[in-house]
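Thanks for coming. I will walk through one model, starting with its core and then turning to some helix pairs.

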Amino acid sequence: MTAHGDDSGLAGSTLFASLPPRCRAYLTDSSRTVEARPGSTVQLAGESVSRLTLIASGALHVIREDRSGHQRHVRILGPGRHLGLVEFALGCSARHSVVAAEATTLITVSHDALRAAAAACPVLNDSISRALAEKVVECEQHLDWLTSEDVSTRLVAYLLSLPATPGRDGRSHVRLPMSQSDLASHLGTTPETLSRRLHDLIDSGAIERVARREFVLENGRLTRY
């Protein structure tokens, strides 16, 4: 990864948008922009975390490894999302490894600068508390999703959640930010099962594959699954 100074993405962050300019100054002096190449490691599980990371563009894969060494993609972080807030709040080491899924631009802010800004501007404490609460809700929803829905329902929900380019007649174009093998891990299934469910959707006319990772969605049909 390469880094250079830049604070242009801080004002657009949901964490920092409500801060007055004088408070944001605590953060801008510490901010850095980092360019991560596809496949590069952004964070390793167990390492010390001293900076909050904001995703300006691109995507990150959050990976959990069990005791047997098996890796699972537990989360995908896209533009506007952040990494390292739990570690900041708890003072703990990194809980997961993180890899750039594609060319990704990251903006980082030191934890020390974040503490200084929070002390000077209590409104930032409110934003941090809200972001942590939203993360709890997201984790609960994801756990319920994995344990109560079948693979087809999970796949459809995932496809509909992707950033889409609207087309005509209710159709939209999406691109998978990962391989099918990684997507199977993210959805809690096997690559073989995922492949069958994708082919089922294609055969039904609900989706059309237009490239290796690109699909056209028939939104009306998908929402009826």
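**Cores and helix contacts**

The largest nonpolar core has 23 residues, and those with the most contacts inside it are Leu155, Tyr158, Leu159, Leu183, Leu201 and Ile207. A nonpolar core here is a set of buried Ala, Val, Leu, Ile, Met, Phe, Trp, Tyr and Cys residues joined through side-chain atoms within 4.5 Å. Buried means under 20% relative accessible area, exposed over 50%, and partly exposed in between, with a 1.4 Å probe and protein chains only.

Two or more residues each come from helix H4 (122-148), H5, helix H6 (180-187), H7 and strand E13 (214-218). H5 gives the most to this core, four residues. Helices (H or I, at least four residues) and strands (E, at least two) are DSSP runs, numbered from the N terminus.

A word on the source: this is a predicted model, where local features need pLDDT of at least 70 and side-chain atom pairs count only at pLDDT 80 or more, while totals for chains, interfaces and linings use all residues. Residues are numbered from 1 along each chain as its sequence is written, and side-chain values use heavy atoms, leaving out hydrogens and water.

What does Leu155 touch, leaving aside its neighbours within four places in sequence? Leu155 is in contact (heavy atoms within 4.5 Å) with Leu183, Leu187, Leu194, Arg197, Leu198 and Leu201.

Now the helix pairs. The axes of H5 (residues 151-161) and H7 (residues 191-204) come within 10 Å and cross at roughly 70°. Axes are lines fitted to C-alpha atoms, for helices over the stretch in contact, and angles run from 0 to 180 degrees between N-to-C directions. H5 and H7 are therefore roughly perpendicular, a label for angles of 65 to 115 degrees. On the H5 side the contact is made by Val151, Ser152, Leu155, Val156 and Leu159, and on the H7 side by Thr193, Leu194, Arg197, Leu198 and Leu201.

Helix H1 (residues 21-28) and helix H3 (residues 111-120) have axes that come within 8 Å and cross at roughly 165°. H1 and H3 are therefore roughly antiparallel, the label for angles over 145 degrees. Their contact is made by Arg22, Cys23, Tyr26 and Leu27 of H1 and Ala113, Leu114, Ala116, Ala117 and Ala120 of H3.

In H6, Leu183, Ala184, Ser185, His186 and Leu187 are buried. H6 is followed by Gly188, whose phi is positive, near 75°.

Note on methods: Angles under 35 degrees count as roughly parallel, over 145 as roughly antiparallel, 65 to 115 as roughly perpendicular and the rest as oblique.
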